[in-house]
Amino acid sequence: MDTPSAPPGTDTPAPATTQRWRRWVAPAFALLMLGLPALPVSDFWISQSIYIGMGALVCLGLVLLTGVAGLTSFGQAAFVGVGAYTAAKLTLAFGWPPLLTLAAGVLLAVAAALLLGAITLRMSGHYLPLATIAWGLALNYTMANLDWLGKYDGLLGIPALTLFGLDLGTGRALHLLVWAIALLAALAVTRLLDSRAGRALRAVNGGASMAEAMGVSSFRAKLMAFVTAAVLAAIAGWLFAYFQGTVNPSPFALAKGIEYLFMVVLGGVGQVWGAFLGAAVVRVVSDQLQVLLPRLLGTSGNFEIIVFGIVLVAVLKYAPDGLWSFVVRRWPAPPRRRDWGGAPPLAQRPKPARGELLLEVTAVRKEFGGLLAVNDVSFGVRAGDIVALIGPNGAGKSTTFNLVTGALALTRGGVRFRGREIAGLGSRRIAQRGISRTFQHVKLIPEMTVLENVALGGHLRSHAGALRAMLRLDRAEERQLFAEAERQLARIGMAGQMHQPAGNLALGPQRLLEIARALASDPALLLLDEPAAGLRLQERQALAGVLRQLRGEGVSLLLVEHDMDFVMGLADRVVVMEFGTLLLEGTPAEVQASPTVRAAYLGMEH
Ligand code: ADP
Ligand code: MG
C-alpha cells in the first residue's frame, strides 16, 4: 500500500479535497445532538435520546477498557449504580446539591475500581471479568437488601437536576446536559487514544512483555483504563438518578452490565463512535421489540433478550468489528493532522565512553524445572562493540537474552550494567537503566502507524498521563515524541514508510521498525534477538548495513543469531553457546578457526 508523500515534519499526507468534508462530520453530529431539543422532535424521542446519551457514556468506558485494553468488564452497570445511588441517597437524606453528589459518586466509583483493579489486574486475563461479575452481583445484592437503600423498591422522589440555580427538568434541558457530557467524554477518549497513554494501553493489549520492555507499566495502564471506565459509568448513573427521579436495583443488575457489553460489541468495540451507534441501536430496537414481540407471540415477557442473543451471535460471526466498521470501511477516517516541525529534541542520557565495560554477565544460570537452559554463562559487552551470541537452535541464546533484559528471572548469577547490578529487576526497570530490545517474534501494534509504533519507544523519555492527554496539555511533548520517532526511522532508512499501518509491512521492515522503536528509547545498549531470522538475502544485507552504521554512530549492540555467516562480517566479538554452555568467546576469526565451534555447528547440520 502506498501512502501519498507528506511534507517533512508532518504526519499528514496532503488530503484529497474530497476527504475534507469528513472532518466536519463529527462536529456536525455534535451540533445536531446538542440542538435536538430545539428541533420539532417529540418528547418520546428526546427521552430516548437521553437514554442513548447515558448508555453511550458507559460504552465509551468499555471502548477504552475492552476495545483498546482488551479487558472485559461485566460490572459497568454496577458502577452506574454507584453513581445513581450515591446521588439519590445524598440528595434525599442530606439535601446535598448535585455537584457534590456527583463528586461523591465519582470518588466512590474510583475507590471501588482501584480496589477491584488492584486485586485482579496484576493477575492473568480472566480474573477481571470474574471479579466484575462478582462485584456486579454483590452490589446488586447489597442494594436490594439494605433498608436504608430502600431494598427492591429503591429510593423515590429525587428532585430534578438543578445546576447553578437552573432547573434542568427531565426533558429538553437535561438532554442538552447529557449530550454535552457524552460528547465531551467522546472527545476526551479520542484524545486519550491518540496519546502516549493511549499507545501504552494498546501496547499492553498486544502483550505485556513488549509493553514492559518499552518501559510501560502494564498494571498502571490497565488500572487507568478501568478507573476511567468506572468514572464514566458513575457519571451516567448520576444523570440517571435525576432523570428518573427514582433508583432501584434492576437497572444496575448484571444483565444490564452484559447489555452494555453487547452495545459496544454491536457498535464496534474499540471505536469511539461505535459506542454511540451501539447504544442507539440497542435502545431503539429493544424498545420496539418490547412492544412488538409480545404482540406477535401473544404473551408478555422479556423476549427481546432472546433476539439480542441471536443478534450477538450473528454480529460476532459476520461483523466481529461491529456495525461502525462498515462505516469506516466505506469512508475511512481522514488522516490525523499532525505537525512536529521544529520540536526540540527529547533529553538524552549520558552516553558511555567507547570501550567502557557496559554489560557484565557473570555465571548466569537458568533452570526450567529439570532442564538446564543456561549453565553458568559469563561474558561482557564493551561500549561501541557489536557482540554476537551464537549457537545452534536450543543452545540457550534467547534465554540468556531474556535473563539480561529481565524478561525471565535468573536461577542464579549476576548481571551488571554500567557498574550496577540489574539481575532481578523487572524488564521495565532494566529498560529505564538504558537497555532496549527487539523480539525474536516481532511484537508491534498492527493498527497503529509505523510512526506511532516507534513513538512508543520514547515512552520512558516522556511523562504525560491520561488526564493531560484528555485535556490536550500533552501536545508539546507529543511533537517531541513524533520528531524523535521520525528521526529514528530516518536513521534506519524507513522514513518513507512512516504513515503506513505497521501491520502492512513485510517482515524485514517490521524488524527494522522494532530497531527504530528500541532506538527511540535512547538506549546505552541495544539487544536484538535474531534480527535476521526469516529475512530474504537483500533484507539481510540491508539489516547488516543498518547495524554497521549504528555501530559507527556509537551504538553498542548485543545480538543473538543462529546464522554464523550473518555475524562473521559484522561482530567485533562472538560468544558461542551450545546446550546452555559457553563454548568459546573471541573475535570472529578465533571463532571460525576453532575446531570445537566447527564441531558444534557440523553436529547441528548432520
Ligand atoms: P535458542 O534461543 O538458543 O534457540 P532457547 O534459549 O530458546 O534457545 O532455549 C534453550 C532451551 O531452553 C531449549 O531446550 C528450550 O526448549 C528451553 N526453554 C526455553 N524457554 C523455556 C521455557 N519457558 N520453559 C521451558 N523450557 C524452555
Ligand atoms: Mg532463540
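Residues are numbered from 1 along each chain as its sequence is written, and chains are lettered from A and ligands numbered from 1 in the order in which they are written. Because the model is predicted, local features need pLDDT of at least 70 and side-chain atom pairs count only at pLDDT 80 or more, while totals for chains, interfaces and linings use all residues; side-chain values use heavy atoms, with hydrogens and water left out.

The protein chain contains 23 helices and 14 strands; these are DSSP runs numbered from the N terminus, with helices (H or I) of at least four residues and strands (E) of at least two. Along the principal axes, the C-alpha atoms of the chain fill a box of roughly 90 × 60 × 50 Å. Of the 606 residues, 53% are buried, where buried means under 20% relative accessible area, exposed means over 50%, and partly exposed lies in between (1.4 Å probe, protein chains only). Among contacts (heavy atoms within 4.5 Å) between residues at least 6 apart in sequence, 75% join residues at least 24 apart.

Helix α2 (residues 43–68) packs against helix α9 (residues 218–244) at an angle of about 165°, and their axes are 7 Å apart. Axes are lines fitted to C-alpha atoms, for helices over the stretch in contact, and angles run from 0 to 180 degrees between N-to-C directions. The angle makes α2 roughly antiparallel to α9, because angles over 145 degrees count as roughly antiparallel, those under 35 as roughly parallel, those of 65 to 115 as roughly perpendicular and the rest as oblique. Residues of α2 in the contact include Ile 50, Met 54, Leu 57 and Leu 64, and those of α9 include Phe 226, Leu 232, Ile 235 and Phe 240. The residues of this contact divide into 18 nonpolar, four polar and no charged. In this division Ala, Val, Leu, Ile, Met, Phe, Trp, Tyr, Cys and Pro count as nonpolar, Asp, Glu, Lys and Arg as charged, and the others, Gly among them, as polar.

The magnesium ion (ligand 2) is coordinated by Ser 398 (OG) and Gln 440 (OE1), at 2.1 to 2.6 Å. This pair links distant parts of the chain, 42 residues apart: Ser 398 belongs to helix α14 (residues 397–405), and Gln 440 to the loop between β10 (435–437) and α16 (450–456). Donors are N, O and S atoms within 2.8 Å of the metal (3.2 Å for Na, K and Ca), and sites may look incomplete because water is not among the atoms. Ser 398 is partly exposed at 22% relative accessible area, as is Gln 440 at 25%. The loop between β10 and α16 also holds Thr 449, which is buried at 15% relative accessibility. Thr 449 touches Met 498, His 499, Gln 500, Pro 501 and Ala 502, not counting residues up to four places away in sequence.

Ala 363 lies in strand β5 (residues 357–368) and is partly exposed at 29% relative accessibility. Asp 522 is placed in the loop between α19 (507–519) and β11 (525–529) and is buried, with a relative accessible area of 9%.
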